[in-house]
Amino acid sequence: MSKRYHESWESVFKPLFEQPAMRTLSQFVQKERQVAQVFPPENLVFNAFRLTPLPDVKVVILGQDPYHNIGQAHGLSFSVPVGVAIPPSLKNIYAELVEDIPGFVYPKNGDLTKWAQQGVLLLNATLTVRAHEAASHQKKGWEQFTDAIIQSISAQRSGVVFILWGSYANKKSALIDHSKHLVLTSVHPSPLSVYRGFFGSKPFSQTNAYLSDKGKQPIDWQV
C-alpha cells in the first residue's frame, strides 16, 4: 500500500485507515472489483498522493469522482492519460487557461501529471467508480476520507490555494482555514455551467499571484 503514495502522507493516512469506516470502504471497493470493472486501476487510486508529497502541496484542485469510461481515470482529478481524448470539462479548463495565462498554448493531451509534480494536488472527493456508472461509489466512505485530507492540509500547511469548482466542491470551503489559505470558488467547468461564471474567473493567474506573494514558485500551467 505504501508504495502507492508518498511516505509523507503516512502520518495522515495511517489513523484514517485504522477507522472502521475505512475498513468497510476497503471491503466495498474490493467486492466491487470482483464483480465489475472499477476505475482507476488499483495501483493508481492514490496516484495524486504519490506524485504530490504533503510538504510540496501548493494548490488543491478538487473534483467529484473519477472518469468512468475505459482508459480515462488515472488517479488525478480532471486528468486523463496521453492518448485519451480530452474530456469536455478539461477542454473548458484549457480554454480558460488560454485567456488567463499569457502565452499558454492549448495542449494536445489531457495528462496533468506535470501539475501534480509541481505541487498541485489533483484530488477527487471520491477515489473510485464503477465502469460507466457515474457517482456509483459516492457515499460509501470516500468523502469522509478526502474531507480529512482537506482538513489535514489546511491544518498542517499554510499559503495553499484551494480551487473549488461547482456546488459540490464549494461546500468543502467550510473545511478550510480561510485565514491562512486562499479559497477560490466558481461554477463547474462542465459544458452545462461553464458560461455561468467559470469563463473569466481567472483562477490560474490568481493562484500564481498568491503563490508569488507568499514567496513560493508559481505553477507552470503549460501541459
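In this predicted model, Val59 stands opposite Val120, a residue of strand 3.

Val59 belongs to strand 2, which covers residues 59–63 and pairs with strand 3 in the parallel sense over five bridges. These strands are part of an open sheet of four strands, whose order is 3-2-5-6 and whose pairing is parallel. At its edges lie strand 3 (120–124) and strand 6 (182–186), each of which pairs on one side only. From one strand to the next, the twist of the sheet averages 15 degrees. Helix 8 (residues 203–213) packs on this sheet, where it touches strand 2, strand 5 (161–165) and strand 6, and the direction of helix 8 makes about 165 degrees with that of strand 5.

**The whole chain**

The sheet is one part of a protein that has eight helices and six strands, and these elements follow one another along the sequence in the pattern α-α-β-α-β-α-α-β-β-α-β-α-β-α. The radius of gyration is 17 Å, close to the 17 Å that the globule rule gives for 223 residues, and the protein is therefore as compact as a globular protein of that length. Along the principal axes, the C-alpha trace spans about 45 × 35 × 30 Å.

**How helices pack together**

Two packed helices are described by the angle between their axes and by the distance between those axes.

| Helix pair | Angle between axes | Distance between axes |
|---|---|---|
| Helix 2 (20–35) and helix 6 (142–156) | roughly 125 degrees | within 9 Å |
| Helix 1 (10–17) and helix 6 | about 145 degrees | 11 Å |
| Helix 4 (88–100) and helix 8 | about 60 degrees | 8 Å |

Helix 2 and helix 6 cross at roughly 125 degrees, and because of this angle helix 2 counts as oblique to helix 6. Their crossing is left-handed. On the side of helix 2 the contact is made by Ala21, Met22, Leu25 and Val29, while helix 6 contributes Trp142, Gln144 and Phe145. Sorted by class, this contact has six nonpolar residues, one polar residue and no charged residues.

Helix 1 also packs against helix 6, at an angle of about 145 degrees, and it passes helix 6 in a right-handed crossing. Here Val12, Phe13, Leu16 and Phe17 of helix 1 meet Phe145, Ala148, Ile149, Ser152 and Gln156 of helix 6. The residues of this contact divide into seven nonpolar, two polar and no charged.

Helix 4 packs with helix 8 at about 60 degrees, an angle that makes helix 4 oblique to helix 8. Ile93, Glu96, Leu97 and Asp100 in helix 4 meet Pro203, Phe204 and Ser205 in helix 8. By class, this contact holds four nonpolar residues, one polar residue and two charged residues.

**Two details in the loops**

Phe39 and Pro40 are joined by a cis peptide bond, with omega about -10 degrees, and Pro40 is found in the loop between strand 1 (38–39) and helix 3 (47–51). Ala135, in the loop between strand 4 (129–130) and helix 6, has a positive phi of about 65 degrees although it is not a glycine.

How values were computed
Residues numbered from 1 in each chain as written. Predicted model: local features only at pLDDT ≥ 70, side-chain atom pairs only at ≥ 80, totals over all residues. Heavy atoms only, no water. Pairing = 2+ DSSP bridges. Axes fitted to C-alpha atoms, helices over the stretch in contact; angles between N-to-C directions. Contact = heavy atoms within 4.5 Å. Parallel < 35°, antiparallel > 145°, perpendicular 65-115°, else oblique. Left-handed = near helix turned anticlockwise from the far one by under 90°. Nonpolar A, V, L, I, M, F, W, Y, C, P; charged D, E, K, R; others polar. Rg over C-alpha atoms; globule rule 2.2 N^0.38 Å.
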